[in-house]
Amino acid sequence: SSVPNSTENAATEDEFGTGGAARVHRLWPEIDRICTEQLKYARAGVGEGGNGWQIFVDEGEMKMYKREEEVNGLVVDPLKACHMVKGVTAREMCHYFFMPEYRNDWETTLEDVQILERISPDTLVFLQTHKRIWPASQRDAMFWSHMGKVNDNVDADAHDVWIVCNHSADEKDYPESKNSKCVRVILTVILVCQTYIENNKTTNITRDDLSCKITYCSVVNPGGWAPASALRAIYKREYPKFLKRFTKYVIDQCKDKPIMF
Ligand code: 16C
């Protein structure tokens with residue numbers, strides 16, 4: 001375009017495919033920066049053990065890696081998971097991960113979900129209360145969530161790339177989110193999905209031609225005391241359970257619906 005900085009151009013050529021509404025919000029510079037940073041982090045490989053990633057789940061296409069890290073005595077182990085599923089697109093995966101109406105169907109650790117702000121159709125602020133794990137205090141999480149299409153042409157072999165990025169929001173921006181019975185976790189999560197089409201077909205594409213490559217990265221700081229060994233045992237059980245349940249859910253939801261690119 002000859003007007004690279006116009007609002008109209010921003011709305012159509014944004015790197016994450018976002019419309020104008022989110023772009024004028026006070027949180028947009030942070031959302032844009034964290035999404036770019038997390039996408040780069042998700043794309044970086046796990047190396048051959050040289051950079052600290054240790055595999056802890058190896059079940060066919062699904063692999064999960066962790067790095068053991070602690071901050072002020074709290075376990076904050078970063079996680080990176082890779083998976084490949086058939087029959088769905090990147091956009092479909094991200095749609096079911098992002099949209100609040102489906103969350104209770106696949107997320108098993110939730111007690112309550114509230115939407116604190118609708119910044120735009122693809123950018124929401126959530127307050128979630130999670131199930132309590134005895135003997136630790138109950139946790140909640142307050143985070144913005146952004147879904148977008150990636151248009152940076154880095155993954156040239158993929159048909160398309162979509163992301164959802166969730167990142168803790170600042171309590172001072174949402175003081176009403178305070179709930180005295182919960183300890184607040186601090187989280188950064190990205191789901192990156194790439195669609196692949198068998199033989200690069202362009203016509204008569206059916207679900208049998210589709211594969212979706214998934215990269216999911218998360219760092220969760222428990223925010224307050226939780227026993228390290230229990231916490232590691234919990235996430236080793238909960239992350240594989242989440243990824244299997246979520247991907248099966250999306251496949252089931254999509255199988256009789258038209259393909260959404
Ligand atoms: O990314 C996922 N879900 C998204 C949409 O909900 C979003 C949520 C992230 C939740 C982060 C965890 C919050 C703490 C949960 C407390 C654990 C309850 C377990 C109850 C078991 C009966 O990005 C999918 C998230 C998959 C969650 C895996 C669980 C990770 C546990 C990490 C340990 C947290 C500290 C707990 C301290 C007691």
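Q: What counts as a helix or a strand here?
A: Both are DSSP runs, numbered from the N terminus. A helix is H or I over at least four residues, and a strand is E over at least two. The model is predicted: local features need pLDDT of at least 70, side-chain atom pairs count only at pLDDT 80 or more, and totals for chains, interfaces and linings use all residues. Residues are numbered from 1 along each chain as its sequence is written, and side-chain values use heavy atoms, with hydrogens and water left out.

Q: Where does Pro135 lie?
A: Pro135 is in the loop between strand E7 (123-130) and strand E8 (139-149).

Q: How many helices and strands does the protein have?
A: There are 6 helices and 12 strands.

Q: Why is the protein called as compact as a globular protein of its length?
A: Its radius of gyration, taken over C-alpha atoms, is 19 Å. The globule rule is 2.2 Å times the number of residues to the power 0.38. For 261 residues that rule gives 18 Å. The two values are close, so the protein is as compact as a globular protein of that length. Its C-alpha atoms fill a box of roughly 55 × 45 × 40 Å along the principal axes.

Q: How do you know whether Asn199 is buried or exposed?
A: Its relative accessibility is 70%, so Asn199 counts as exposed. Asn199 is in the loop between strand E11 (186-197) and strand E12 (210-221). Phi of Asn199 is positive too, near 55°.

Q: What makes helix H4 mostly covered?
A: In H4 (residues 90-98), 8 of the 9 residues are buried. Among them are Glu92, Met93, His95 and Phe97. Across the protein, 49% of the 261 residues count as buried.

Q: What makes a set of residues a nonpolar core?
A: The members are buried Ala, Val, Leu, Ile, Met, Phe, Trp, Tyr and Cys residues, joined through side-chain atoms within 4.5 Å. The largest such core has 41 residues, and Met93, Phe97, Tyr216 and Phe246 have the most contacts inside it. Helix H6 (residues 228-254) supplies the largest share of this core, 9 residues. Apart from it lies another core of 25 residues, including Trp28, Leu127, Trp144 and Ala158. In soluble globular proteins, nonpolar side chains tend to be buried together.

Q: Which residues is Tyr216 in contact with, beyond its neighbours within four places in sequence?
A: They include Leu79, Phe97, Val189, Tyr239 and Phe242. In the protein, among contacts between residues at least 6 apart in sequence, 63% join residues at least 24 apart.

Note on methods. Buried < 20%, exposed > 50% of the residue type's maximum accessible area, 1.4 Å probe, protein only. Contact = heavy atoms within 4.5 Å.
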